[in-house]
Amino acid sequence: MKRNSLTIIIGAVLVLIFALLLFVFQVRQSETAVVATFGKPTSQNYDQPGAYFKWPWPIQKVYKYDQRVQNFEDKYSQTPTADSGMLLTSVYVGWRISDARQFLQLFPGDPSVSLPNAQSQLEGMLRTAKAAAVGRHPLSDFVNADPKALKFDAIENEIEQDVQNRLRTNNFGFELEFLGFKKIGLPESVTQTVFDRMKSERQVLISRAENEGKSAAQKIQSDADAEAVRTIANAQANATRIRAEGEAEAAKTLPVFQQNPDLAVFLLRIGALQQTLNQRATLIFDERTPPFDLFRNLPTNAPSH
Amino acid sequence: MSDEHEHHHGHEAPEAVDAGSQALAEALGSSFAIVKVVMLLMVVAFFGSGFFQVGPSEKAVILRFGKPVGEGKGALLGPGLHWSFPYPIDEVVKIPITEQQTVQSTTGWYFTTPEQELSGEELPAGASLNPAIDGYAITADRNIVHTQVTLHYHIDDPKAYIFNFASASNSIQNALNNALLFTAAKFNVDDILTRDVAGFQDAVLARVSDLTEQAHLGIVIDNCQVKSIAPRQLQDVFARVTEARQNQSKQINDANAYRDKTLLAAAAQASAITTQAAAASANYVKAIQADAKAFTDVLPAFEANQNLFAQQKVAETMALVLTNVQDKIFLPERADGQPRELRLMLNREPPQPKSATANP
């Protein structure tokens, strides 16, 4: 009895597992699914994760799609700009299946077949939209130091809106999440002329730097010289003023000397004598010079006349 | 009922039938035992298949009937052995991610192979850039630069990162490529390469943040490094510009140093001139005032007897002078009373000997 009930439990578990495998399908967080009964899609989209009931194959078949954002980029291709330049561009997009039922109707078959079909449709739309948008703008809208004149974002938006509108009109069951430029370049021959131009611009910068350096240095030096001369001249003017002030101050004592000009002159002469015969001088004098005139009338061994 | 009826009719050889049915029952019994063992094994195998291992540089998420088990970062299972219900109840999604992810841009750099990158040796640059293989960005002043950005980020919202994007890291890479093109389109070549390298990097980072936030990629950017170089075809001429600019600033620095030196010297000289003038003037005034005082002091004596005063003063001065004077020569009067003629050799220094050999 005990053995039998164990057997029954095990059997029941196995039956349950097989039943689950046959009648239940899972939709993952990242998936969306649509069920086709004898090849015809049913009306319901299973875009929420969970376990759902289905009749076993061959009555019903489940088509599961990745509901996540998928990356795709178009070919790096050359198109003319509005100012008749040539620009190579490639755009990347993030796209996702938004309506699995619609997608299955337009792109029938297994995802391994239908996804490449959808992507080639997308690529065609991208190519058309991109060529149209690039053709509406000059190169200065793609690259510009002035943020107001730069239309980079606007061009990306134009392409995205264009593709989005086409997707909606055709009701493809998928939509764009984002779009941006992946690569922007110039035709190979143009890169060489750009290099030549860059080179000559660099030469201009080199000579400008050399000349500017020289002239700036010269200006600084001559300014400094002029400033130095001015400073010294000012100082000399100051010195003259100071001396004049001193002389004016000294002149105030003049009335004192005017009490007796003879004495004043005499004292000046005495002072001058003292100052001139101060050091390293040789003085030659005879008997007439005081105080040596004292020797004059002394008896000498000179013959008298 | 009909089966039982037939059974009833077939009781012709009960012993043989009994033996046969016994053998059958035994056979059935033993094969049923085998089936039971097989069933048990299948159940064990079914639940046993729920064990799975997560490697050191990956994470796993368990989906129960399609929905992730756990919320936010709690949904991520780290390395080790884990168990889940087998399919179709649970499903395990493994994601090759580490704590910090790194992505590098792909469309801004010239062509190199991974081997060349490792060895550091590159093929010489051609005259032009081949659009099929060489990447670059066009700057606002329509120059060409090579630029590359490396982004480090970590996953903040695993649910968004894993279940909303087929390849989130590729989406981030596209955002990086776009950010380089967009930012280079706004910057001039000299700003990108030398003048505003940090500003360029910040602008690239801002654009990447914008794009990843708009797309709800569920990541947090840790940092990004941008490196940019001039086209290899123009490296030497770009280097010469840098050199010329360095020379320019050196010339200006030298000139500034000269200015500082000159102005300091001038200021010092000016200050010396005024100081000297002030000192001289003050001394002059003091001397004059001292003279005036001396004058006033001696005036009564002079007025009392001019001659005596003069004599006295001259004698006093001569005494002073004679002590200071180096050579004193006294010429007595000639006997005939005529003045003496005196010849002076005005050369204080003794004549140098012509040479040592001429005058041994």
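**View 1. The contact between chain A and chain B.** In this predicted model, chain A brings 109 residues to the contact, while chain B brings 108 residues. On the side of chain A that touches chain B, the element that gives the most is helix 6 of chain A (residues 188-251), with 37 residues. Sorted by class, the residues on that side of chain A comprise 58 nonpolar, 31 polar and 20 charged.

**View 2. Strands from the two chains paired with each other.** In general, strands of a sheet pair through backbone hydrogen bonds, and the pairing may be parallel or antiparallel.

**View 3. The nonpolar cores.** The largest nonpolar core has 90 residues, and those with the most contacts inside it are B:Val145, B:Leu176, B:Ala179, B:Ala184, B:Ala185 and B:Val204. Helix 5 of chain B (residues 168-184) gives the most to this core, with 9 residues. If residues up to four places away in sequence are not counted, B:Ala185 touches residues of chain A, including A:Phe142, A:Leu150 and A:Phe152, and also B:Ile138 and B:Ala140. A second core, separate and made of 8 residues, has among its members A:Ala228, B:Ala266, B:Ala270 and B:Ala277.

**View 4. Helix 8 of chain A against helix 8 of chain B.** Two packed helices are described by the angle between their axes and by the distance between those axes. From helix 8 of chain A, the residues A:Leu263, A:Ala264 and A:Leu267 meet B:Phe295, B:Leu299 and B:Phe302 in helix 8 of chain B. This helix contact has 6 nonpolar residues, with no polar and no charged residues.

**View 5. An open sheet in chain B.** This open sheet of chain B has 3 strands in the order 3-2-5, with antiparallel pairing. Strand 3 (67-68) and strand 5 (90-95) of chain B stand at the edges with a single partner strand each, so one side of each is left without a neighbour in the sheet. Strand 2 of chain B (residues 59-64) pairs with strand 3 of chain B in the antiparallel sense over 2 bridges, and B:Arg64 has B:Lys67, in strand 3 of chain B, as its bridge partner.

Key: Residues are numbered from 1 along each chain as its sequence is written. Chains are lettered from A and ligands numbered from 1 in the order in which they are written. This is a predicted model: local features need pLDDT of at least 70, side-chain atom pairs count only at pLDDT 80 or more; totals for chains, interfaces and linings use all residues. Two residues are in contact if their C-beta atoms, placed from the backbone, lie within 7 Å. Helices (H or I, at least four residues) and strands (E, at least two) are DSSP runs, numbered from the N terminus. Ala, Val, Leu, Ile, Met, Phe, Trp, Tyr, Cys and Pro count as nonpolar, Asp, Glu, Lys and Arg as charged, and the others, Gly among them, as polar. A nonpolar core is a set of buried Ala, Val, Leu, Ile, Met, Phe, Trp, Tyr and Cys residues joined through C-beta atoms within 7 Å. A residue is buried if 20 or more other C-beta atoms lie within 10 Å of its own, exposed if 12 or fewer, and partly exposed in between; C-beta atoms are placed from the backbone. Two strands pair if DSSP finds at least two bridges between them.
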